[in-house]
Amino acid sequence: MDANKLHLNDHISQQFNLELEDIRNKAMVMGGLVEKQVSDGLRALLEPNSELGEEVSTTDYRVNSLEVEIDEECTQILARRQPAASDLRLVVTIIKTVTDLERIGDEAEKIGRFAVSLATAQLRPGYYAELRHLGDHVKSMLHDALDAFARMDVDAAIATAAQDLKIDDEFESLSRLLITHMMEDPREVKNVLKVNWCARSLERIGDHAKNVCEYVIYMVKGKNVRHTSLDQMQELTD
Amino acid sequence: MSNADEQAAVVDIVTAGLKRRYAAERRFRLFGLLSVVLGFVFLFALFASIISTGYPAFQSTYVQLDIDFDPAILDISASPGSEELSAANYAGLVKHSLRELFPAVKKRRERRSLYQLVSIGAEYELRNRLLTAPSFIGRKEALWLPANDDLDTFMKGGIDRQLPQENRRLSDQQLTWIDALLEAGRIEKRFNTVFFTSGDSREPELAGIKGALLGSFYTLIVTLVLSFPIGIAAAIYLEEFASRSRWTDVIEININNLAAVPSIVFGLLGLAVFINVFDLPRSAPLVGGLVLTLMTLPTIIIASRAALKSVPPSIREAALGVGASRMQMVTHHVLPLALPGMLTGTIIGMARALGESAPLLMIGMVAFIVDVPQSITEPATALPVQIYLWSDSPERAFTEKTSAAIIVLLVFLVVMNSLAVYLRKRFEKRW
Amino acid sequence: MPSSIANAAPAATAANLNDQQTQDLHQKIAATVGRIEVDDAKMSMRDVDVFYDDKHAICAVNLDIAAHEVIAMIGPSGCGKSTFLRCMNRMNDTIENCRVSGSLKLDGVDIYDKKQDVVQLRARVGMVFQKPNPFPKSIYDNVAYGPRIHGLAANRAELEEIVVTSLERSGLFAEVKDRLDKPGTGLSGGQQQRLCIARAIAVNPEVILMDEPCSALDPIATARIEELIDELRKNYTIAIVTHSMQQAARVSQRTAYFHLGYLVEVGETAKIFTYPEHKLTEDYITGRFG
């Protein structure tokens with residue numbers, strides 16, 4: 001669904017149009033920022049680059065302040081405009097989306113911090129490969145989810161949400177691999193655990209991205225598809 | 001130019017025009033005030049002239065005579081029956097007592113002019129006295145008897161002594177007698193009860209408005225009894241029940257047109273229909289009432305419809321909403337709210353009918369009728385017609401009678417209009 | 001000629017069928033979205049058409065109203081919602097050029113049947129109007145009027161009981177119990193409207209129709225009335241026309257959206273206000289056109 005299909009410009013109140021447009025734009029700006037944080041965190045981890053990691057962990061406040069700002073504006077709209085139907089769903093979707101985006105920002109910050117502490121550690125190259133694989137996957141899923149959000153595209157949202165299963169699988173297998181390594185070489189436990197935390201963060205980002213997709217479906221279809229299987233999701237939205 | 005500058009310019013333009021605008025307002029107010037003052041001046045002039053000419057009519061002059069109820073003068077037996085009493089010579093009584101007062105007057109012509117000073121109403125009064133109390137026979141009484149209209153006019157300052165004898169209605173000789181009577185305290189002005197208790201007469205001092213008042217009263221009663229129920233029923237039907245169609249439109253237009261028809265046309269209609277076709281008695285208040293009913297009906301219907309229209313539709317809806325029938329809606333809610341307006345309209349219509357003379361002329365209520373009417377079918381005249389008749393009479397004394405009758409008519413109109421205002425104030429409900 | 005009532009009726013600005021554009025639009029909204037039927041229908045309207053002369057004010061509307069529900073009717077001005085409401089107790093009968101066709105049933109009986117007496121119908125289907133319209137009589141007489149004309153009370157004591165109960169149910173009794181003999185027009189706007197509700201429920205109707213009952217009231221009085229509507233639902237079935245969408249959302253269980261004389265959408269209020277299916281409904285409740 002095209003963003004124009006939201007008909008944000010059709011209200012009798014021009015001011016209301018602007019307000020809705022504003023929170024939506026801010027949410028997308030926040031999405032872009034979070035996406036960059038994730039990608040920077042991942043780069044800092046993989047290069048490794050402790051300075052970049054440091055930067056990621058200190059930039060998170062911008063995400064947080066954006067969340068507060070959008071929340072505030074949404075509250076204002078609820079209080080003053082009493083939106084209904086699609087407007088109401090848009091506001092609710094944005095409130096929920098920014099919460100998830102903020103969590104993603106938190107995870108990116110964690111990855112940044114681990115990147116700093118792992119920069120000096122000698123890790124097996126295989127870890128980087130695995131993390132890169134998982135990270136790229138998560139990055140693309142997050143990108144797709146934000147894209148679906150920006151375009152309010154239900155089909156894209158469902159397809160993106162489906163990716164979460166793969167990410168979960170990948171995390172599962174990486175986790176198993178890391179456990180094996182830890183058992184083989186107990187001296188590595190500390191670093192491997194950190195790697196596992198990073199993988200765990202990436203997996204969490206995937207979960208949040210999936211939530212965003214579900215909000216998009218709620219926004220467009222008016223149906224709550226959370227806590228349902230993909231098949232059910234497909235059914236509900238048909 | 002910035003917006004602030006433009007705003008300042010606007011203020012300047014407005015200020016420049018202010019003087020002219022206020023001047024126009026002052027001019028208008030002055031005109032309004034002037035017209036109101038002018039209206040009051042005319043009203044005052046009218047009242048002043050009517051009251052100043054009319055008030056003497058409420059007094060009349062009496063002469064005291066020593067009447068000797070001698071059966072010989074009366075030309076009756078010692079114990080007469082009532083028929084004999086009726087036919088007795090009362091004029092002789094008056095003449096006898098005048099002769100006794102002025103024994104010096106011997107000549108026939110002089111005597112006749114002496115007798116003229118007393119009204120012929122004196123004879124009727126003496127007769128009435130004897131008929132009610134025959135015991136007076138044989139006694140001598142000092143009685144106040146009505147004076148002739150010329151003496152009355154003279155007493156009210158209507159006859160100038162300085163004029164040459166042939167130009168005034170009283171001769172020098174009569175004036176000397178009057179002076180003598182005045183000297184003796186035998187002339188007095190009293191409240192004119194005759195004016196309110198008797199009918200019309202050729203003699204001004206005996207003419208009263210009771211006949212005309214009762215005639216007007218009967219006419220109005222007939223009008224009210226007919227036009228109020230008919231008018232209100234018609235208004236309610238047209239306003240609340242009749243469905244809108246070409247017929248109701250035609251009726252509505254015709255009612256409005258009838259209200260503007262000159263009243264004399266209704267008189268002609270009454271003459272043609274009520275008298276010629278239905279053979280109703282001529283000059284009767286019944287016919288007058290019927291004609292005035294025709295005339296006031298449109299007024300009452302229009303006023304009643306306006307009153308009905310002014311009842312807010314929400315009241316009707318409320319009544320229907322709780323399940324009242326149409327009739328209940330009208331009788332329980334609409335009518336009580338509209339009634340003050342209907343009454344006002346009716347009373348104003350009645351006041352118009354009271355002041356109407358033209359249609360009554362047409363149906364013969366203009367006749368000279370001495371008897372006070374006792375029912376709606378007896379010949380009668382009405383107040384405005386009586387005024388018209390008197391204003392036409394040559395005798396000087398009728399001028400004041402005319403004005404006095406106008407005063408009475410005006411008093412009735414004011415009373416009726418005040419009643420309308422009172423009723424409206426009293427029963428009007430706020431919603 | 002009751003032209004004054006005709007003037008008070010909502011202006012029917014619907015349907016001019018000659019126009020091609022409107023015809024297209026009519027095609028689009030002719031079929032109602034959402035479930036029309038309910039399980040325990042108190043009133044059931046099928047194929048209702050209303051004409052004012054040649055103006056088609058209501059076009060083929062089907063709608064059920066369940067017992068003990070509050071159904072809200074919303075829509076832009078002139079959409080026919082008030083006209084439809086007035087059909088349900090035949091208040092439209094008083095408008096001369098108004099013609100109603102289709103079947104409107106109350107408990108399965110057609111209310112436009114020749115045998116149906118309109119006075120009896122209005123005793124069963126009461127009405128509360130937009131502007132509080134108490135009679136210019138005392139508070140007591142206002143409430144007692146309905147029972148009196150219908151002869152619902154055998155004696156004074158019974159009548160008094162009806163009046164007190166009705167005033168209590170309308171939540172007004174505590175405020176006016178000391179001045180029942182004072183004129184009803186002396187009350188505040190909100191109190192007057194509750195008096196009108198008391199007057200309506202005094203005849204113990206089965207259905208109460210409310211035509212924008214709060215449009216002349218301040219928010220606090222409005223809140224009281226809304227609370228009262230919720231209370232009344234226990235005993236009565238209520239259909240309410242309102243211009244305030246928030247009010248419809250607050251008081252009703254189901255909402256019906258009217259447009260140009262058509263019933264565009266009907267459904268659970270919660271659904272209508274979060275995810276309406278028809279675009280016109282959506283546009284209306286989100287304030288996208290007037």
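Tutor: Let's start with a rule: two residues are in contact if their C-beta atoms, placed from the backbone, lie within 7 Å. This is a predicted model, where local features need pLDDT of at least 70, side-chain atom pairs count only at pLDDT 80 or more, and totals for chains, interfaces and linings use all residues. Residues are numbered from 1 along each chain as its sequence is written, while chains are lettered from A and ligands numbered from 1 in the order in which they are written.

Student: How do you know that domain 1 of chain B touches domain 3 of chain B?

Tutor: By that contact rule, four residues of domain 1 of chain B meet six residues of domain 3 of chain B. The bounds, 3–55 for domain 1 and 210–427 for domain 3 of chain B, come from an automatic or database domain assignment.

Student: And what makes strand 2 of chain C an edge strand?

Tutor: Strand 2 (55–66) of chain C pairs on one side only, as does strand 5 (109–110) of chain C. Strands here are DSSP runs of E, at least two residues, numbered from the N terminus, and two of them pair if DSSP finds at least two bridges between them. The open sheet of chain C has the order 2-1-4-5, with antiparallel pairing.

Student: Why do strand 1 and strand 4 of chain C count as paired?

Tutor: Eight bridges join strand 1 (residues 41–52) to strand 4 (residues 98–106) of chain C; the rule asks for at least two, so they pair. Within this pairing, M43(C) stands opposite L106(C) in strand 4 of chain C.

How values were computed:
Helix = DSSP H or I, 4+ residues; strand = E, 2+ residues; numbered from the N terminus.
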